Structures are given as structure tokens and as C-alpha cells.
Amino acid sequence: MEKAVDERPNTVKTIGLVKEYVMGSVIVKALQGIQIEIKKGEYISIMGPSGSGKSTLFNMIGGLDKPTDGKVYIDEIDIAQLDAYELAWLRCRKIGYIFQTFNLIPVMTAIENVTLPMVFAGVPTDQAMDKGRELLELVGLGDRIKHKPLELSGGQQQRVAVARALANDPAIILADEPTGNLDLKTGKEIIALLKRLNREKNVTVISATHDLKMIDVSDRIIWIRDGRVERIEEREEVAVKVGEIEGEEAG
Amino acid sequence: MAEEKQIHMPLSEAFKIALRSLRIRFWRAMITTLGILLAIAFLASILTSTAITANLKLMKEEIPAQRLWVVAMSLLVCVVGITNSMLMAVTERYKEIGTMKCLGALDRFIIELFLLESSLQGLIGSLIGTVAGILLMVIIHVSNEGTKVFSALTFFKTFSLSDIGWIFLLCIATGVVLSVIGAIYPAYRAAKMVPADAMRVEL
């Protein structure tokens, strides 16, 4: 049966993406020609073993680093053509980032962390604070808005990071190993949170991960190996039986 | 650029972050401030001593070149110390800097932040240092030459280096300017960091 061609516009598109690092006298080929298209509102997981290049790909898509060759298009715009201001604007307004190590600013409280992107965007303080409070309540931390990251658990910090990623209503959320530093149960909560946001706000979620729990919530899974796309699977094609580790749930 | 395409960092926000960053590394900030304090105290004391002597003798005193050389050296050592301290701060905060860039911070916000932190340390250090230097010299001269020294002190009466008022301002300005100069290179290094590098999880 032929699959219908998806005519929806691409939120993210990469063409022939190559990234090489020079380490001493060796050239490390992190990415060797990646070609992917991601549509608006999809929940994509980029999966692969350590060293496969998925974090590098993530950095390319998020405009955090420049490729050696190839192009990255976000909403049909080639990000290599953007100047510093426009790139900053992109990172501030269009993309929300979530990291494995949470990356909250340690000297700021939860609500200050969440409102920082809004400050950069020029949102007036009162409005920013109200929205910050709303977002923290959305992720279940309404009672800890004045806590500093030191005073929050890993899962709570990651929730603050999720709230922060949503600060300026981005079109895309990029999550690099969001559950990497979290235990099983907290990891599941974060994944559920991301899926809920994906559904309710139609935000495109792109997550680089090797957490198999992500497979359940993804629309498509892009498998990366040795800097190349190994295969792309639709959710329905993947037969996954989520096992019982630590006897936490019944099949 | 359209209104909504602009990225801002209000000074109040930068101030808040700078102050808190200093507070959280209080003792290291104190040590850096101490360095500035001592160097500026030295400068202030030399200038004050010369001013008092000149005013008592009612003639212009030249500071011998050798003494100027020593003062210049001490200020230079101070700047080097500031650069070292700020470089350490930048290295420690790689992740924080990278994260801020991901949230949309422009390169110059990062530079502003570090220059602000450094100048705050410079301000406090040179304020205390200047007062300490001036007071110390006044006390020494009074114990040597008696209370006529007080008549030799003028505050903003003349526009010259024999006026304590102007010495005060000059020393503080020197302290702040030097701490900004010392922080320029580290701040530039911080700002030019590629966010991906800044975020690499240390293995």
C-alpha cells in the first residue's frame, strides 16, 4: 500500500548535514550526511547509541553549533544565513531547549528562571510573572516558585526547565536526553508532560534520547548510527513491549 | 528590525544577576576586591602624601619617577590578578553562559554581565582602598608634623592633584577602570563560546 505524501510544511528540515571535529591529528566524523524532515506538531525521537551523533544532530537543529557542510532549515529559513540578532531571536522565541543536566541558572529562583526568556523578549515584568506562575502551575510546581535550583529535586528542576522552555510559546521544543539524569518514575512523568504539551499546544517536540520509554509517545522515531540515519519508523510500526523493571507496572 | 524582533536585557536584570553571582561566590569576590583595595590604597596614599607635602611647602611637588614606576607596577599586578580571577569565573560558568545563549542572550549581554560583575568589585575595592589610603597618610603626616597638616587638606578647591577631593575621585575611577580592563578578555572569551561547547556534559 502506498503511503500518502505528506504535504504539510516542514518545521525542521536538514539536507546533507555533515559535521566533523578535528581532535589532534584525527578527524572525527560525527555526522555523515543527515537528511530529515519534521512536520509541525510531530513528536519525534532521535534515537541511537552513545557516540552515534544524535547529540551533534540535536545541536545542529537547535542552532547551537554550525555544521561543516549541509543545511538546516527551520520553518523554511536557512539558519546559517541568520545574523547574531536573528539567531538569538530564534533561540529566544521559536525554540525551547531542555537539557539532560537541567541547566537552570543557580543564582535565580524557579520563577526567575522561567521568566528569563520573557525578559529577553521584552515582556513587561507583571505579565512575565503572571505567565511564569501559570507555567509553573502547569508543570505542577505552583508551590515552589521561589525555590532556588539547589532546593529542588532533579525531577522538579527538569519541570522548571520544561516550564522555561515554554516561556515564549515556542513552535519547537528540543529536548536533549531529558530523562538522562532522572529515575524511572520521574522520567515517565516528564515524558508524559512533554506528550501532553505536544497534544494540547501543538508544539513540535524533538527529543534526542536513548530512553526506550520515549518510543511509546513518539509519532516517528529516527534511528541514528555512526552519523547516519539508519531507519525512520512510524509509531505503529514499532512493536514494543514495555518491560517491568523493578516491578513497577503491569505489562 | 520590527519591534518584536528585538532582544533586550534591561540593566536592572543584569545588575540582579551580577550581584547574585558575586554573592554566591562571596569569598572569591572578596579576595579579588582585596587585591584592588590594596593597589588603590597604595595609589591613594602616594598621591595624598605628595599633596600634603606640596600644600605645606606651598610649592608643586614632583613625584619621583621611581615612585611612579612602583605605583604603576602595583596597579598592573592588580589588573593581572583580576584577569586571572575572571577567567576562572568564566571557566566555572561555561554551562550557565551556554544556557543563557540558548535562552536568547546576545553575545554582548554576556560581556555586559561580566564587566558589570568586575566593575562592582572594582567599585567596592577602590572605595574602601581610597578611603583607607588617604586616612593612613593623613594619620602618618599628622603624627610626624602635627595638626597643621589639616590645613593642607583641600576638598575640590583647586583642580589639581594636591586636592584631596580630586584624588578621591581619581583613585575610585582608576579602580573601576582597571577592573573593567582586567575583565575584557575573559568576558570576550565567554561571549564567543559556541553554546554546544558550553553544554557538553563532562565525561
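Trainee: Which helix is the place of A:Gly155?
Mentor: Keep in mind that this is a predicted model. The helix we want spans residues 154-165 of chain A. The place of A:Gly155 is therefore in α5.

Trainee: Is A:Gly155 buried, partly exposed or exposed?
Mentor: Let's count the C-beta atoms around this glycine. There are 18 others within 10 Å. Burial needs 20 or more and exposure 12 or fewer, so A:Gly155 is partly exposed.

Trainee: Which residues is A:Gly155 in contact with, leaving aside its neighbours within four places in sequence?
Mentor: Contact here asks for C-beta atoms within 7 Å. With the sequence neighbours set aside, the partners of A:Gly155 are A:Leu182, A:Thr186, A:Glu189 and A:Ile190.

Trainee: How does the radius of gyration of chain A stand against that of a compact globule?
Mentor: Chain A has 251 residues, and a compact globule of that length would come out near 18 Å. Its C-alpha atoms fill a box of roughly 50 × 50 × 45 Å along the principal axes. The radius of gyration agrees with the globule value, because chain A has 18 Å.

Trainee: Which element gives the largest share of the side of chain A that touches chain B?
Mentor: The contact takes 21 residues from chain A and 25 residues from chain B. On the chain A side, α2 (84-94) and α3 (110-120) each supply at least two residues. The largest share, six residues, comes from α2(A).

Technical notes: Residues are numbered from 1 along each chain as its sequence is written. Chains are lettered from A and ligands numbered from 1 in the order in which they are written. This is a predicted model: local features need pLDDT of at least 70, side-chain atom pairs count only at pLDDT 80 or more; totals for chains, interfaces and linings use all residues. Two residues are in contact if their C-beta atoms, placed from the backbone, lie within 7 Å. Helices (H or I, at least four residues) and strands (E, at least two) are DSSP runs, numbered from the N terminus. The radius of gyration is taken over C-alpha atoms; the globule rule is 2.2 Å times the number of residues to the power 0.38.
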